[in-house]
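Hi,

Here is the structure I said I'd pass on to you. Have a look at it first, and then read my notes below.

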Amino acid sequence: DPQRTSEGFRDTGYEFPTAIADIIDNSIAAGASVIDVVLRQDFGGAVFVAVADNGCGMDRDGLINAMRYGSKRRQDASSLGKFGLGLKTASTAFCRRLSVISRATAGAPPLKATWDLDHIAETGKWELQIGSPPSHEVQLLDKTAAGTSGTLVIWEKVDRLLSDYAKPEGKPAKNALKRHEEGLRFHIGGVYQRFLDSSDNRARQVAIRLNGALVTAWDPYCVAVTGKPVLEKQMEVAIGESERASFTLRAFVLPAKDEWTDQDARK
């Protein structure tokens, strides 16, 4: 049953920061160098969420596949996406209308695909709405990917992020949204540290902006202060009956409170 299944997928246990990180992972997998996250309210208190990137974008077939529940496997084995569900379940965990707008090549017209849970309930069908995006959504995409390939994910009818405030446009609701923004900034800074930190050569550099402000990397090991690890050991584990894999285990000890020269860094 389309309605029951689409509603059931809303309860897969996502927290807001991990849901946004799931979408950012799609952008990184698409080779994006710039990712913009927007989190805001309109005058009536309705929440709007968007993630735009300048990655490789998708043509019509690629867009339909991305919106399919159980999409085809990615070619990059290191990608966090494993089951083809993340974009849909992460989004509808918080909104009832998910739209993805994508442009596969520079100069090509962008295409929009939408899952609207209310539309699914009314029609009783898995009816993906496909068409051309309105000009204001194209402008939002172009802020990140001006005329080039790229993708924009939009959440509308956001009904599971804020509590039911008597005045959705009031100060308590705005403060709650601000706390979500601060928590999301901290989460992105840690999860994508190696992509954000110019001194870390384990991954290519990606600029991630949240409401226009660059997200800075947060390294929980504070390597700039702690220096070398106190322990570094090569580990090996068995995978199945015949394969083995190795990894390096490193341990760091943070300085004592009075040993920090920069108290802001310590906090």
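Let's start with Ala-106, which counts as exposed because its relative accessibility is 60%. (Exposed means over 50% relative accessible area, buried means under 20%, and partly exposed is in between, with a 1.4 Å probe and protein chains only.) You'll find Ala-106 in the loop between E3 and E4. Helices (H or I, at least four residues) and strands (E, at least two) are DSSP runs, numbered from the N terminus. If you skip its neighbours within four places in sequence, Ala-106 is in contact with Gly-147, Thr-148 and Ser-149; contact means heavy atoms within 4.5 Å. Its C-alpha atom is separated by 9.2 Å from that of Ala-145, 39 residues apart along the chain.

Before you go on, keep in mind that this is a predicted model, where local features need pLDDT of at least 70 and side-chain atom pairs count only at pLDDT 80 or more, while totals for chains, interfaces and linings use all residues. Residues are numbered from 1 along each chain as its sequence is written, and side-chain values use heavy atoms, with hydrogens and water left out.

Now the sheet. Eight strands make an open sheet with mixed pairing, in the order E5-E4-E3-E6-E2-E1-E7-E8. (Two strands pair if DSSP finds at least two bridges between them.) At the edges are strand E5 (129-131) and strand E8 (213-214), each pairing on one side only. E8 is joined to strand E7 (residues 207-210) by two bridges, and the two run antiparallel. There, Arg-209 stands opposite Leu-214 in E8.

Two helices to look for on the sheet: helix H2 (residues 16-29) packs on it, touching strand E1 (34-41), strand E2 (47-53), strand E6 (150-158) and E7, and the direction of H2 makes about 150 degrees with that of E1. Helix H6 (residues 135-144) packs on the sheet too, touching E1, E2, E3, E4, E6 and E7, with its direction at about 130 degrees to that of E6. For these angles, axes are lines fitted to C-alpha atoms, for helices over the stretch in contact, and angles run from 0 to 180 degrees between N-to-C directions.

Seven of its seven residues are buried, so E2 is largely enclosed by the rest of the structure. Val-47, Val-49, Val-51 and Asp-53 point one way, and Phe-48, Ala-50 and Ala-52 the other way. E2 pairs antiparallel with E1 over seven bridges, and Val-49 is the bridge partner of Leu-39. On the E6 side, five bridges join the strands, again antiparallel, with Val-51 partnered by Val-153.

Leaving out neighbours within four places in sequence, Ser-27 is in contact with Ala-32, Ile-35, Val-51 and Asp-53.

Last, the cores. A nonpolar core is a set of buried Ala, Val, Leu, Ile, Met, Phe, Trp, Tyr and Cys residues joined through side-chain atoms within 4.5 Å. The largest has 47 residues, of which Ile-24, Trp-155, Tyr-192 and Ile-208 touch the most other members. H2 gives the most to this core, with seven residues. A second, separate core of ten residues includes Val-38, Leu-141, Ala-145 and Ile-154.

Cheers
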